[in-house]
Every structure is written in C-alpha cells, then in structure tokens.
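Subject: Structure handover

Hello,

Here is the structure I said I would pass on.

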Amino acid sequence: MSHGRFFALVDGVFAIATTLLVLELRVPAHVASGQLSHTLSELRPSFVAYAIGFLQTFGGWSVSHRLSARLRGVDQWMILSLGLGLAFVSLIPFSTSALAVSFHDEANFKVAVALVSGLGLLSTLSLVIATVHAYRAGYFLPGYTAEHHGWLVRLMIGAVAGFAVAFALSFVAPGLALVPVVIGYAATLLPLRIDEFPCVGEVA
C-alpha cells in the first residue's frame with residue numbers, strides 16, 4: 001500500500017494541531033492605556049505552554065517526516081498504530097491549554113504535566129510499534145540494515161523511558177517532569193543518525 005496519502009493526512013493533523021495552539025493565545029479584549037506590557041507579562045504561562053506544545057507538534061512531525069522518507073509502503077496494521085498516535089497528537093492543543101491555566105495551582109499543575117507527558121509516552125509507543133512492524137514486514141527501503149534498526153529502536157525506547165519518567169515525576173515534582181519532556185522533543189529536531197539512513201530518492 002502506498003504511504004503517500006496516509007502521511008499527507010499525518011502532515012495535515014500536525015499542521016492543524018500546531019495552528020490550534022496559537023489560537024489559545026489571546027490578548028484580553030479591553031486593555032487599559034499603558035497596560036499592554038503588564039497584560040502580556042500576565043500571559044507568560046500561556047506563552048510557556050505554547051512553546052512546549054509547539055515543540056511537541058514540531059518534534060512529532062519531524063519524526064513522522066523522517067520515517068515516511070524511509071518507507072516504501074505501509075499496511076493496515078501500521079495505519080492503525082500510527083493512526084492511534086495521531087489521536088494522541090490531536091489532543092496536544094487540549095493538553096497545552098490545560099497546562100497554561102494550571103501554573104499557579106500545584107494540584108492542577110500535576111495533572112496537566114501528567115497529561116502532557118502521558119500523551120508523549122503514548123504517541124511514542126505507537127510509533128515504536130509501527131516502526132518494529134514495518135521492519136519485520138520489510139517496508140523499509142533497501143539499505144536500511146539491522147544495525148540501523150537496532151539504533152533507531154534503542155533511541156525510541158530511550159524516548160519512551162524518558163516520557164515514563166516524566167509521567168511518574170509529574171505527581172511529585174511536575175516542574176522537574178517537564179525537563180525530560182522538553183529534552184525528548186528537542187532531541188528529535190537535532191541532526192541524528194537516522195538522517196544517514198537510506199531515504200526516498202536516494203536508493204535506485
């Protein structure tokens with residue numbers, strides 16, 4: 001099965017989720033003269049939450065793009081697994097909104113951080129399942145070796161572990177729990193060894 005149309009849907013979901021994030025940033029309708037800087041300062045929690053949410057969507061899209069460029073096809077099992085991941089991605093604007101309103105309440109903050117890290121954990125797990133299945137089913141391009149696969153799986157398991165730690169920490173130290181979440185998504189944007197793997201258009 002060609003994967004072009006499926007990953008076009010994936011791109012669309014990420015684009016919509018990213019757009020919805022910024023729609024949560026609103027300046028109050030009535031700002032007193034000379035008070036705009038103060039009003040914007042009060043919106044800092046929303047800006048912090050937006051930055052984390054954007055990192056989630058952009059980092060997730062980066063991983064999706066790298067995977068799609070190295071596949072020659074998909075099957076229904078992969079579509080189901082990756083589609084489940086999309087369901088979690090589509091909740092990112094919601095979790096970002098929950099995070100933005102929770103910074104000044106410790107109990108709510110714990111729940112919001114658990115939601116953010118939980119979505120990262122579940123979406124990454126769905127990606128791991130799809131990637132392992134793709135390798136076993138032979139859907140990667142020629143030249144993608146067992147060594148490549150082993151490295152990629154170890155990287156993703158590390159990401160799952162990071163999100164699991166963040167989820168556990170969210171109930172005792174929610175501020176600290178955001179650190180592995182941010183690091184995990186930021187790492188997806190860096191040049192990685194996966195960029196050395198065979199890519200569509202590079203294999204005859």
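Predicted model: local features only at pLDDT ≥ 70, side-chain atom pairs only at ≥ 80, totals over all residues.

Helix packing. Helix H1 covers residues 4–23 and helix H5 covers residues 92–100. The two pack with their axes 9 Å apart, at an angle of about 25°. Angles under 35 degrees count as roughly parallel, so H1 is roughly parallel to H5. The crossing of H1 and H5 is right-handed.

Ser90 sits in the loop between helix H4 (76–89) and H5. Its relative accessible area is 44%, so Ser90 is partly exposed. Along the chain, Ser90 and Leu20 are 70 residues apart, yet their C-alpha atoms are separated by 9.7 Å.

Salt bridge. How many salt bridges does the count come to? The count comes to one. Glu106 forms a salt bridge with Lys110, and the closest N and O atoms are 3.9 Å apart. The cut-off for a salt bridge is within 4 Å, so the pair at 3.9 Å counts. Glu106 and Lys110 both belong to helix H6 (residues 106–137). Because they are four residues apart in that helix, about one helical turn separates them.

Surface patch. Val27, Val31, Leu36, Leu40 and Phe47 make a nonpolar surface patch of about 380 Å². One of these residues, Phe47, is found in helix H3 (residues 44–68). Is Phe47 buried, partly exposed or exposed? Phe47 has a relative accessible area of 37%. Buried means under 20% and exposed means over 50%, so Phe47 is partly exposed.

Helix H7. Ala161 lies in helix H7, which runs over residues 146–169. With a relative accessible area of 38%, Ala161 is partly exposed. In sequence, Ala161 and Val181 are 20 residues apart. In space, the distance between Ala161 and Val181 is 11 Å, taken from C-alpha to C-alpha.

To find your way around, you could begin with the H1 and H5 pair, go on to Glu106 and Lys110 in H6, and then turn to the patch that includes Phe47.

Regards

Technical notes. Residues numbered from 1 in each chain as written. Heavy atoms only, no water. Buried < 20%, exposed > 50% of the residue type's maximum accessible area, 1.4 Å probe, protein only. Patch = residues over 30% accessible without salt bridge, like charges linked within 9 Å, V, L, I, M, F, W, Y side chains within 5 Å. Areas by Shrake-Rupley, 256 points an atom, 1.4 Å probe, with all protein chains shown as cover. Salt bridge = Lys/Arg side-chain N within 4 Å of Asp/Glu carboxyl O. Axes fitted to C-alpha atoms, helices over the stretch in contact; angles between N-to-C directions. Parallel < 35°, antiparallel > 145°, perpendicular 65-115°, else oblique. Left-handed = near helix turned anticlockwise from the far one by under 90°.
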